[in-house]
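Student: I would like to learn how to read a surface patch and a sheet. Could we go through them one after the other?

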Amino acid sequence: MVDHKKIQDWSKDMEISVLDRVVPIVLSIWAILVIVVYAAAFIYPRIISLIKR
Amino acid sequence: MKDILLFTLIVFMAYGLGRRALSLFAKETESLLEDIVFSSAIGFALLGYLVYGIGSLGFLYKGPVLILFVVCAFAAAGPFCRLVRRLTFPRSFNWLSGEGTFDRFLLGILIFIPVLSLFGAMAPEIGNDALAYHLDHSKIFAGRHSIGFIPFTRESLWPYFGQMFFTAGLLLESVTAAKLSHYFFGILLILSVFSFTRRFFSKKKALLAAALLASSPGIFTQMTYAYVDLTQGFYSFMALYAIMLWVKREQLGLLALSGLFAGIALSVKLMSGMALIALVFVVLLSDLHKKTQAKKVFAQLFVLGLFAFAAGFVWYLRSYLVLGNPVYPFLHNIFGSGWETHLKDYVGTRTDLLGFFLLPWDMVIHVDSFGGEQIGVIFLAFFPLLIFLPRHEKNIQYLFCFFIIHAIIWYIVNPMLRYTFVNFAVAFILISLGFYGASEKYGLVFLKKLLAGCVIFNFLLCVYHNYDTVALALGVTTRDEYLARNERTFPVADFVNKNTPSDSVIVLVGESRGFYFNRQVLQYGMWEHQTDKNILSYLRELTSRSVPTYILYRDDYDIHPFGPIIDERDPLMVLERKVERGKRATYYLFRI
């Protein structure tokens, strides 16, 4: 016999909460932002000076 | 090849000697790797002090050092053979096998970055402090067969444990062996981080922490220089490792061992006092958890302090006995010897409370303001993952306690990035734990790819940093070509070495790098600090005694009394060199 209550609980577990969606996105945006700023502050001036050399 | 063999022999001796001594402090080690890092730490400490003992007695000749090496090799043979018998392929190297693609990628990074850095470590030295004193003073020690004060130097009575290996290497005519010692302390630091994280957390986390540390630009660039900061970082980390084991097992020997490692770190650099203070807080936190009686807490701190003192006091004592100041030239107001230093003025971006909280940002983005080394973009990009640390876990609380106390003192005293390599290690362990903590909860597939991308970028930086040295190793360029391109003083020193009598005295004005001069060098800057005597009358005195005397003047240095000589005489040499990034200066050589 099918245990409907069990299936209901299982499907509840499978639901993705808002936090589960938001946290990876926020972390990724932060990491990308840092990488972009780092590239602008550190890598770009060095590449320019290399080209000039 | 001779250099590598010589250094391999030193490593083998360090392990064997250390393994014998380790049994005094700890009953067992959990793994082969733990055995290797603990034994090597103790063994190198013994070897360093043996060289210092011989040197301070004035017996620093090839003969006594070779005899010492032979005796040590005999003593090390037994434990080394037992180590070889314990090695069972492939079981002993199971930890090397990653489980997934990401792990295998990290493992590749862990192998390739040290291999690339090895080329840099074997190339001729070009690091500023190495040429100004680490290697330069070691060369003088080896040349005069004793270790002690060198007149008109600021550093020669500093804690010089790391320099003992440079001295031994140079005595045996191998700059490469000297440089490899610092490289090897970097390798030991990475291995100890792996061993520690695997023991207290998991192999997966250990692999990530070790790979992040190895790919940090500050670490792999330092591995190629004859500095002492990785030595300091390694012993400070081993002190933390031992204290974490003590918290777990409560064996007094481990607490003593932690003190011993902290003392060796103090024998490398005064700044290691930060690690000792942070360790005291870890002990107090563990006692708070265990509700230990106050009397017992004092006894524990006494043991920790006693062993740290025993392992480190000798360097400070000799400085006090010779110069009247254990930390010469610092704290001159207290000891009356030394001078006002402004080292901190050039480091960091701020000095207020806000500056402390902005540190993660500032030290990654404003890379040139923290001494030139870099922790790398990964630290800042993945720093928020620390929110996902399982805060209830006591081991994490101890790690975090060490991390934060060390960071606070470091920020207040002198936030030069290379003084805090031990916290690089702790930070990457915490980031690794946070990363897997968050991954288990949220997946973070994209973030994992981003992390891998950043690691690849750091790897490319490592390639960029070392490609010149790979070309040198492959014979595409020669040693002289490499040095002429990368070291500002090399052509100048080459001219001096070829065109002045061997008993000449060269006064360096505005230049601190003396290593490539095969002449007696006098730093004018130090003369100014250490004597009231007029340097011009001293130089006249030298010439009246028929000592060939020269001034090597760098024209971006303004405050000096040599104006009449520079204006009136024709220079023997004029050479323009790039002295810093985007800055050129001209060197002039004058005969007095």
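**Patch and sheet in chain B**

Tutor: With 6 residues, α13(B) gives the most to the nonpolar patch. This is a predicted model, in which local features need pLDDT of at least 70, side-chain atom pairs count only at pLDDT 80 or more, and totals for chains, interfaces and linings use all residues. Residues are numbered from 1 along each chain as its sequence is written, chains are lettered from A and ligands numbered from 1 in the order in which they are written, and side-chain values use heavy atoms, with hydrogens and water left out.

Student: Which elements give two or more residues to the nonpolar patch?

Tutor: Helices (H or I, at least four residues) and strands (E, at least two) are DSSP runs, numbered from the N terminus. The patch, with about 910 Å² of accessible area together (Shrake-Rupley method, 1.4 Å probe), includes B:F309, B:Y320 and B:F335; α13 (294-323) and α14 (332-335) of chain B are the elements that give two or more residues to it.

Student: Why does B:Y320 count as partly exposed?

Tutor: Buried means under 20% relative accessible area, exposed over 50%, and partly exposed in between (1.4 Å probe, protein chains only). B:Y320, placed in helix α13 of chain B, counts as partly exposed because its relative accessibility is 45%.

Student: In what order do the strands of the open sheet lie?

Tutor: Two strands pair if DSSP finds at least two bridges between them. Here 5 strands of chain B follow the order β2-β1-β3-β5-β4, with mixed pairing, and the edge strands, β2 (520-523) and β4 (573-580) of chain B, each pair on one side only. β4(B) and β5 (residues 583-591) of chain B run antiparallel, joined by 7 bridges, and B:E576 has B:T586 in β5(B) as its bridge partner.

Notes
Patches are made of residues with over 30% relative accessible area and no salt bridge: like charges are joined within 9 Å, nonpolar side chains (Val, Leu, Ile, Met, Phe, Trp, Tyr) within 5 Å. A salt bridge is a side-chain nitrogen of Lys or Arg within 4 Å of a carboxyl oxygen of Asp or Glu.
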